[in-house]
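Subject: Structure for your review

Dear colleague,

Please find below the structure that I am handing over to you. My notes on it follow directly after it.

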Amino acid sequence: MFYGWWEYWELRHKVTFDGINKLILVNPGETSLDVQVDLYSDWKEWARTDNNLKYLSPWSIVGGEPTVAGQRLDVTYFLINGWKIKPYGGTYDLIIDGNIFDVDGGSIKIPADVNRFEPNNITINTNTSVIVRRIDADSASTGSGGLSDSESDALFNIEGKVISIFSGATPVSSSLVPSQASILEELQTKMNDIWRIHGLDSGSGLTVTQTERSVADITQTISTTGEGATQQTIITRNL
């Protein structure tokens with residue numbers, strides 16, 4: 001694609017974006033892709049080239065929100081609007097680093113083209129990061145990260161204590177005081193909400209449209225502002 005188009009060659013990307021067919025084509029010889037750098041950031045460069053903003057965006061992005069003290073959700077990228085990753089044919093291992101999923105729960109890729117003289121033998125490994133990441137070692141005692149001072153203090157005081165001990169099927173009483181147990185229960189509820197809104201709960205189906213994400217009693221509004229490099233996707237929970 002884009003033979004004779006010098007402005008595309010100058011981009012020196014590891015992938016080629018096919019806006020018409022909604023494909024992210026892995027360029028021959030490439031065996032590792034960083035989702036944030038090689039896919040998302042390079043798509044933004046490609047979108048600003050020529051008239052490529054006319055094509056539907058491949059991306060919906062979530063993450064960065066504070067969870068418990070001093071931690072945030074890692075950024076997760078969802079392929080939307082029917083976009084897929086297509087590897088080149090051959091025999092090789094392809095490593096994709098980063099959190100990337102299909103918004104409808106399907107595969108993020110389609111098979112490579114088949115060459116009857118050289119069968120494909122492609123192994124694709126995705127290295128996802130942790131769900132939460134610590135960003136401030138001192139925040140557990142300062143009330144940051146979305147928790148109040150009392151919640152942070154209680155979470156800090158829980159460390160090193162026994163929550164529950166089982167003797168056979170019978171639980172022994174908890175060593176937590178009632179106020180600590182109450183806050184721990186509230187934190188568990190928040191983490192359960194995060195688990196469900198990312199579609200990780202097999203018992204609750206996550207429904208995603210271009211304007212809304214919903215699961216069980218959780219509903220989020222999705223809105224997009226700006227264009228090109230200034231485009232932003234804002235996700236707000238409806239209370």
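Which residue in E7 does Leu 23 stand opposite? Leu 23 stands opposite Lys 84. Before the other findings, a word on the basis of these notes. This is a predicted model, in which local features need pLDDT of at least 70 and side-chain atom pairs count only at pLDDT 80 or more, while totals for chains, interfaces and linings use all residues. Residues are numbered from 1 along each chain as its sequence is written, and side-chain values use heavy atoms, with hydrogens and water left out.

The sheets

The labels E and H stand for strands (E, at least two residues) and helices (H or I, at least four residues), which are DSSP runs numbered from the N terminus. Strands of a sheet pair through backbone hydrogen bonds, either parallel or antiparallel. Here, two strands are said to pair if DSSP finds at least two bridges between them.

E2 and E7 are joined by three bridges in the parallel sense.

Another open sheet is formed by four strands in the order E14-E15-E16-E17, with antiparallel pairing. Its edge strands are E14 (207-208) and E17, each of which pairs on one side only. E15 and E16 run antiparallel and are joined by four bridges. Within E16, Thr 221 is the bridge partner of Glu 212.

The nonpolar core

A nonpolar core is a set of buried Ala, Val, Leu, Ile, Met, Phe, Trp, Tyr and Cys residues joined through side-chain atoms within 4.5 Å. Buried means under 20% relative accessible area, exposed over 50%, and partly exposed in between (1.4 Å probe, protein chains only).

The largest nonpolar core has 22 residues, of which Ile 24, Leu 39, Trp 59, Leu 79, Ile 85 and Ile 100 touch the most other members. The elements giving two or more residues to this core are E1 (15-18), E2 (23-26), H2 (35-47), E6 (76-79) and E8 (91-97). H2 gives the most, with six residues. Leaving aside neighbours within four places in sequence, Leu 39 is in contact (heavy atoms within 4.5 Å) with residues including Val 15, Phe 17, Ile 24, Trp 59 and Ile 100.

Aromatic pairs

Rings of Phe, Tyr and Trp (its six-membered ring) pair if their centres lie within 6.5 Å; planes under 30 degrees apart count as stacked, over 60 as edge-to-face and the rest as tilted. By this rule the count comes to eight aromatic pairs. The ring centres of Tyr 40 and Tyr 77 are 5.4 Å apart and the planes stand at 45°, so this pair is tilted. Tyr 40 belongs to H2 and Tyr 77 to E6, so the pair ties together parts that are 37 residues apart in sequence. Tyr 77 also forms an edge-to-face pair with Trp 59, at 5.9 Å centre to centre and 75° between the planes. Both Trp 59 and Tyr 77 are buried. Ring pairs link Tyr 40, Trp 43, Trp 59 and Tyr 77 into a cluster.

Salt bridges

A salt bridge is a side-chain nitrogen of Lys or Arg within 4 Å of a carboxyl oxygen of Asp or Glu. The whole structure contains six salt bridges. In one of them, the side chains of Lys 84 and Asp 102 meet at 3.1 Å, N to O. This pair links E7 and E9, with the two residues 18 apart. Asp 102 is buried at 10% relative accessible area, and Lys 84 also counts as buried, at 19%.

Arg 237 forms a salt bridge with Asp 193, with the closest N and O atoms 3.4 Å apart. Arg 237 lies in E17 and Asp 193 in H4, so the pair ties together parts that are 44 residues apart in sequence. Arg 237 is partly exposed at 38%, whereas Asp 193 is buried at 15%.

Asp 217 and Arg 196 also meet in a salt bridge (3.4 Å, N to O). Asp 217 counts as exposed at 61%, whereas Arg 196 is buried at 18%. Salt bridges link Asp 193, Arg 196, Asp 217 and Arg 237 in a network.

Yours sincerely
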